[in-house]
Amino acid sequence: GVVRGKTVIVDVNTGKAYTDENKLLMPMLEGMGFKARYFIGDAYYGRSVEVLKKVKELGMEAVVPEKDTQDKGEGSLQAMGKRKLHA
């Protein structure tokens, strides 16, 4: 649809009860047949290194609140050098 003159695309993927949202999202991102400027999501997506990497790979800016974690491991957001984004 169009909101205030801007095209907005909403996609939905369903799975079994309690399916991890990030696992539902990845096939949608991988199958995108168009370019987008922004990916807007909730804090749950901001905690997924895999999702954030894919969004960046697709050339989109992630607009998601990122949870500040104490994890300093290789796969942590801190290790990726991510800055906090505020929606």
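Modeller: First a definition: helices (H or I, at least four residues) and strands (E, at least two) are DSSP runs, numbered from the N terminus. This is a predicted model, where local features need pLDDT of at least 70, side-chain atom pairs count only at pLDDT 80 or more, and totals for chains, interfaces and linings use all residues. Residues are numbered from 1 along each chain as its sequence is written, and side-chain values use heavy atoms, with hydrogens and water left out.

Colleague: OK. Where does tyrosine 18 lie?

Modeller: Tyrosine 18 sits in the loop between strand S2 (6–7) and helix H1 (21–30). Its phi is positive, about 70°, although tyrosine 18 is not a glycine. Most residues other than glycine have a negative phi.

Colleague: Is tyrosine 18 buried or exposed?

Modeller: Tyrosine 18 counts as exposed because its relative accessibility is 85%. Buried means under 20% relative accessible area, exposed over 50%, and partly exposed in between, using a 1.4 Å probe and protein chains only.

Colleague: And asparagine 22, buried or exposed?

Modeller: Asparagine 22 is buried, at a relative accessible area of 10%. It is found in helix H1. Leaving aside residues up to four places away in sequence, asparagine 22 touches Tyr44, Tyr45, Ser48 and Val51. Contact here means heavy atoms within 4.5 Å.

Colleague: How do the axes of H1 and helix H3 cross?

Modeller: The axes of H1 and H3 (residues 49–57) come within 10 Å and cross at roughly 15°. That makes H1 roughly parallel to H3. Axes are lines fitted to C-alpha atoms, for helices over the stretch in contact, and angles run from 0 to 180 degrees between N-to-C directions. Angles under 35 degrees count as roughly parallel, over 145 as roughly antiparallel, 65 to 115 as roughly perpendicular and the rest as oblique.

Colleague: Which residues in H1 meet H3?

Modeller: Asn22, Leu25, Met26, Leu29 and Glu30 in H1 meet Glu50, Val51, Lys54 and Val55 in H3. By class, the contact has 5 nonpolar, 1 polar and 3 charged residues. Ala, Val, Leu, Ile, Met, Phe, Trp, Tyr, Cys and Pro count as nonpolar, Asp, Glu, Lys and Arg as charged, and the others, Gly among them, as polar.

Colleague: Changing topic: how many helices and strands does the protein chain have?

Modeller: There are 4 helices and 4 strands. Along the sequence the pattern is β-β-α-β-α-α-β-α.

Colleague: What share of the protein chain is buried?

Modeller: Of the 87 residues, 29% are buried.
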